[in-house]
Amino acid sequence: MTTANALYDVPGPKTRKRHRLYGIASTVVILALLGWILYLLFDTDQFTYTKWMPFEYKGIQELLLRGLGNTLKAFGLAAVLSLALGTLLAVGRLSDHRPVRWLSTVVVEFFRAMPVLVMIFFIFVALKVQPLPALVVGLTLYNGSVLAEVFRSGVNSVERGQREAAFALGMRKVHVMSYVLVPQAVRAMLPAIISQLVVALKDTSLGYLITYEEFLHAGKLIASNLDYDLPFIPVVMVISPIYIGMCMLLSWFAGWVSRREQRSPKTGAVDVAPAEPGTLLPRVQ
Amino acid sequence: MNVLTDNFSTFGDGFLGTVELTVYASVLALVLGFLMASFRVAPVGSLRVFGTVWVTVLRNTPLTLLFFAVLLGLPRFGLVLPFKVFAVLALGCYTSAFICEALRAGINTVPRGQGEAARSLGMSFGQSLGLVVLPQAFRSVIPPVGSALIALAKNSAIAGAFSVTELLGTYRTLSELGYNIVWTFVWIAVGYLIITLAISALFNALERKWGVAR
């Protein structure tokens, strides 16, 4: 909170009083807002037994769990594959051969510029692929391209002396990369890589739009059931904490790794990347 | 080729729909993002908490879930608006979290001495923020805000899947008419490229005019 301190003085007694007043006023406003939402929920009968009844049934619980499992399956596949594709494309972009470099640059820039949903729909509709492979391939192409940029900027941000020293010892490029540059780069880039995986986890919910039977899809099935009086809001109230919680956990992990790496002496030669979702193409610079 | 020429008006409608969504949602995101960023640096504790919760929750919400909740959930409260307005709301709120973080990071790049100097001249919180810190922060936030808005334009494709008139949604009409689906997607892709490259060019121009010379 250094900036906050630079923006205003350590408050004196009078200002503290005023701030406390503002604090109370804004707390009241926020609480009133929450209260109003709660009132709306009660007013539209969202807490009736019929609407919450479905969650008691084993079949429905299993449906939700199966959906969650499918979401995690898609995420796991997409994560592993996009790490592999990212590595491949980063190797291509760092290659000494111009055609290889050129080709991988085109691939990376194109897939970063396309909305991931357009790719998923293209694979699903035009190529007539099953929902799961379509989702995984779409996510892999997009996240792999972003990760390739992360890897590349990581390798390039290792201090020049490291590369020069390694070459001076007579190492070949393969060895310079695998023993010197990549280990340092990956350590420094780990937070950014994990943050990109958060994006992948969030984007698995796009599977809902191509009728992949994931978590949101399971929720939709329950929500549109007339027997339970269309329990739409209860479904959202059950699903969103789980979804948001999973993403937050992964984001928090990225932040934790980032703080750890910043203290680590092993990343002395690189700047540790902040844990932020990778920004997306056309590089504004 | 004739997929485009035969259906120019369909593509045009979709293209304009995407542009419209992007523009309105951008304005909402910029306003909300600015508000939340000022909450997050405010001296009042409860506003800081509100801003932090807003950003943390929205940054970790899948956009599809947000669309699902807003487009299908809000009508349950008796709030019936056109789907397009709901889509703008969802997109704007989602992107505002990223804009807020970009602005906050921008405020952090302004050297501490600037704020201290403003304070020592007797400026109030509002004055030092509005006259000294923000004008300087503005220069360094152009690139990150640009990429947030490009991401917004790309995310607007999700609205198409929720039956808002939009570029990606045009494929449904055209495939019913029996046009070649691959070419349809090629032209949709070109449409998105035009939009993202236009935003990128705009922010490049802004960056050249206002950006920090480093």
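This report describes a predicted model of a complex of chain A and chain B.

## Confidence of the prediction

For the complex, the predictor gives an ipTM of 0.86 and a pTM of 0.87. The average pLDDT of chain B is 87, and 98% of its residues score at least 70. Chain A averages a pLDDT of 86, with 92% of its residues scoring at least 70. Among the elements of chain A, the highest mean pLDDT, 93, belongs to helix H4 (residues 58-93) of chain A, and the lowest, 54, to helix H1 (residues 2-7) of chain A. The pLDDT falls below 50 over residues 278-285 of chain A.

## Architecture of chain B

Chain B contains ten helices and zero strands. Read from the N terminus, the order of its elements is α-α-α-α-α-α-α-α-α-α. Along the principal axes, the C-alpha atoms of chain B fill a box of roughly 70 × 45 × 20 Å. Of the 214 residues in chain B, 48% are buried. Among contacts in chain B with a separation of 6 or more, 76% join residues 24 or more positions apart.

## The interface between the chains

Contact between the chains involves 55 residues of chain B and 46 residues of chain A. On the side of chain B that touches chain A, at least two residues each come from helix H3 (45-59), helix H4, helix H5 (83-109), helix H6 (112-120), helix H7 (125-155), helix H8 (157-161) and helix H10 (181-210) of chain B. H10(B) provides the largest share of that side, with 13 residues. By class, the side of chain B that touches chain A consists of 34 nonpolar, 15 polar and six charged residues.

## Two helix pairs

One helix pair lies within chain B and another spans the two chains; their geometry is tabulated here.

| Helix pair | Axis separation | Crossing angle |
|---|---|---|
| H5(B) and H7(B) | within 8 Å | roughly 150° |
| H11(A) and H4(B) | 11 Å | about 165° |

Because angles over 145 degrees count as roughly antiparallel, H5(B) is roughly antiparallel to H7(B). H11(A) is likewise roughly antiparallel to H4(B). The handedness of each crossing is also defined: H5(B) passes H7(B) in a right-handed crossing, whereas H11(A) and H4(B) cross in a left-handed manner.

In the pair within chain B, H5(B) contributes Leu91(B), Thr95(B), Phe98(B), Ile99(B), Ala102(B), Leu103(B), Ala105(B), Gly106(B), Ile107(B) and Thr109(B) to the contact. From H7(B) come Val133(B), Ala137(B), Ser140(B), Val141(B), Pro144(B), Val145(B), Ala148(B), Leu152(B) and Asn155(B). The residues of this contact of H5(B) with H7(B) comprise 14 nonpolar, five polar and no charged.

In the pair that spans the chains, Phe232(A), Ile233(A), Val236(A), Ser240(A) and Tyr243(A) of H11(A) meet Leu65(B), Ala69(B), Leu72(B) and Gly73(B) of H4(B). The contact of H11(A) with H4(B) divides into seven nonpolar, two polar and no charged residues.

## An enclosed helix in chain A

Helix H10 (residues 215-223) of chain A is largely enclosed by the rest of the structure, because seven of its nine residues are buried. These buried residues of H10(A) are Phe215(A), Leu216(A), His217(A), Ala218(A), Gly219(A), Ile222(A) and Ala223(A). Their cover includes H4 and helix H11 (232-263) of chain A, together with helix H4 (63-73) of chain B.

## Backbone features in two loops of chain A

Lys128(A) lies in the loop between helix H6 (116-126) and helix H7 (131-157) of chain A. Its phi is near 55°, a positive value in a residue other than glycine. Lys128(A) has 9 other C-beta atoms within 10 Å and is therefore exposed.

Thr211(A) is placed in the loop between helix H9 (173-203) and H10 of chain A. For Thr211(A), phi is near 55°, again a positive value in a residue other than glycine. Thr211(A) is exposed, since 11 other C-beta atoms lie within 10 Å.

Technical notes:
Residues numbered from 1 in each chain as written. Chains lettered and ligands numbered in written order. Predicted model: local features only at pLDDT ≥ 70, side-chain atom pairs only at ≥ 80, totals over all residues. pLDDT = per-residue confidence, 0-100. Helix = DSSP H or I, 4+ residues; strand = E, 2+ residues; numbered from the N terminus. Contact = placed C-beta atoms within 7 Å. Buried ≥ 20, exposed ≤ 12 C-beta atoms within 10 Å, placed from the backbone. Nonpolar A, V, L, I, M, F, W, Y, C, P; charged D, E, K, R; others polar. Axes fitted to C-alpha atoms, helices over the stretch in contact; angles between N-to-C directions. Parallel < 35°, antiparallel > 145°, perpendicular 65-115°, else oblique. Left-handed = near helix turned anticlockwise from the far one by under 90°.
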